[in-house]
Structure formats: structure tokens, C-alpha cells
Amino acid sequence: MKWKGKRQSSNIEDRRGQSGSSRGRGGFNSMLIGPLIKILFSKTGLIIVGLFLVFSLITGNNPLRILGQFFVGGNNPTETSTPYLGSREENELVDFSATILASTEDVWNEILNNYREPTLVLFTGYVSSACGSASSATGPFYCPGDEKLYLDLSFFHDMELKLNAPGDFAQAYVIAHEVGHHIQKIMGISDKVQLLRGQMSEKEYNQYSVRLELQADFLAGVWAHHSQKMTHMMETGDLEEALNAAFAIGDDRLQKQSTGRVVPDSFTHGTSEQRIRWFKKGFDTGDIEQGDTFNANPL
Ligand SMILES: [Zn+2]
């Protein structure tokens, strides 16, 4: 893709490094521990510890509490935490994601009246959203409750290495698919499907959820169609990258990889063939009227 130098969205919430776990939050400063242990076990160290104990007995301070504060760095560790510094490769992915998000804004602002732009939250490890908390293992997701897309950039790495779906356009497709869920939310489609949930069996509901997912693929295709007209970011081979990603992320493929067999009843995203077909239909037509996956038969 020729994405560099294009507009980047400002609707990015960079929460990388704030994983919500205790990691990096006021734990022992590991750089200090080695030298401190050496000092403690030297002669001078023993004298210092002795003086320290005498001092704390005289002043009435709990010696462990003082030591604890010395090691842990006070009661408000977030103030002392250093800003997250990603690798050069990772920071380039931030620029890339912000560029793709900007392109979805340009496209959907043109297609829909009063389009509400969603926010993209970048995180590492764990994240909390209005839909609950999630780990990176969940994969990218959209939360209708706060209208935000959640993405751990390591997923792009997994796509390349574990799912055999490399390429920047494959990554763009993932972002555009999540934006597709946002379109479904603002058009009231996901709310309608959600209402059906309590009225049918899990198996029946799953069929609706598959149609919702395939429509998000279709909407990703619609984005690609218009984005190409506006910015000409796509290069030869890019469409194949997205189709390959749709194929690789299809539930039948994912299940085959993890269990060695396919269990059709637990599909939630549709088969690889269906995902490719709906993405392609959106890409070929660029017309949101063509994306009624709910009345399509066969799907
Ligand atoms: Zn989805």
C-alpha cells in the first residue's frame, strides 16, 4: 500500500503500556536490585542497615514501611512510570493504523450523513472497555457501548506468523472490518440483532451473528472501493492480501488450525469462502444497498 504521507486520524487513544495488570506499575525497580544487594551484604552495608534500624527505632517509623517506600517508589506509582516507547516497527504500525482510520473517516463521511467517527484504542496485553475487559488473545474488537475499536498491534504480527495472512492491506482490512461494525451500530443494525438474542436459541442466534460478521466484511469492501477512488493507496497484490486474510481469519480455518476439524454450529464469522465473497461484493460494487446479508439466500 502507498499509505505514507497521507492524513492520519486524531481519533486515536494510545493506551499501550497501560495493560491494566500490575506489570510496570510501581513494582521493584529491577535495575536497582543487583547493586543494592551487593551493598547490603558488604561491611558498609551492614553498618548502614544497623544505623537505619536504630534511626527507625528512635523516630518510631516502621523500618519495613520505609524500606518498602524506598524500593517501590511511593504510593502513587503511575506518576513515576515512564511513557511507553514502542519499537520503530511498532510505532510505524501506529502511523499506519491512524492513516487507515483517517481513510475510513473520509469514505464514511462521504457515504453517510452525520457520520460519528469512532475512536481507535491501541493497547498492549489487557484493556478495559464499556463491553468489559479483554486480553490481546480476544483479537481486535469493536465495542458498541463506547463506539471504540480496540486493537493490540501484536495481532498484525500474529496474522503474519500464525495465520499466514501477511501484508499491510490485510491489516487495513482488519481495521475496516471493525469500522464496519461501527457502521452497523450507527445504522441500528447491531441493536436489532442484539434484541433477537433473548428470543431464540443460541444456535439460531448464531446464524444472525454470522450475517452480522459477513456484513462487516462487505462494509470493509465498500470502504476499500471508495478509498481506492479517493487516495489510490492500493497496489497490485493488495486485494489478494485482503482476500487471503479473509480466508485465513474465516472461522472454519481458525477452527481447523486449533482443533483439526470444523464444527459448523459454532461458526460466528462465516466460512472463508463467504467472507471472501462478501468482501469482494462490497469492493466491486461500493454500494451499501448491496450488503443485505440478512435477507441473502444462499448466504
Ligand atoms: Zn467482526
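Predicted model: local features only at pLDDT ≥ 70, side-chain atom pairs only at ≥ 80, totals over all residues.
A residue counts as buried when its relative accessible area is under 20%, as exposed when that area is over 50%, and as partly exposed in between.

**Exercise 1.** Decide whether Y208 and F294 are buried, exposed or partly exposed, and say where in the chain each one lies.

*Solution.* Begin with F294, whose relative accessible area is 22%, so that F294 is partly exposed. Next take Y208, which has a relative accessible area of 31% and is therefore partly exposed. The two rings form a stacked aromatic pair, with 6.5 Å from centre to centre and 25° between the planes. This pair links distant parts of the chain, since Y208 belongs to helix 9 (residues 202–231) while F294 lies in the segment after helix 12 (272–285), 86 residues apart.

**Exercise 2.** Classify the pair formed by the rings of F141 and Y150, and describe the burial of each residue.

*Solution.* A search of the whole structure gives six aromatic pairs. For F141 and Y150 the ring centres are 4.8 Å apart and the planes stand at 10°, so this pair is stacked. F141 has a relative accessible area of 14% and is therefore buried, and Y150, at 1%, is buried as well.

**Exercise 3.** Describe how helix 6 packs against helix 7.

*Solution.* The crossing is right-handed. Helix 6 contributes F155, F156 and M159 to the contact, and helix 7 contributes A170, Q171, V174 and I175. Sorted by class, these residues are six nonpolar, one polar and no charged.

How values were computed:
Residues numbered from 1 in each chain as written. Heavy atoms only, no water. Axes fitted to C-alpha atoms, helices over the stretch in contact; angles between N-to-C directions. Helix = DSSP H or I, 4+ residues; strand = E, 2+ residues; numbered from the N terminus. Left-handed = near helix turned anticlockwise from the far one by under 90°. Contact = heavy atoms within 4.5 Å. Nonpolar A, V, L, I, M, F, W, Y, C, P; charged D, E, K, R; others polar. Phe/Tyr/Trp six-rings, centres within 6.5 Å; stacked < 30°, edge-to-face > 60°. Buried < 20%, exposed > 50% of the residue type's maximum accessible area, 1.4 Å probe, protein only.
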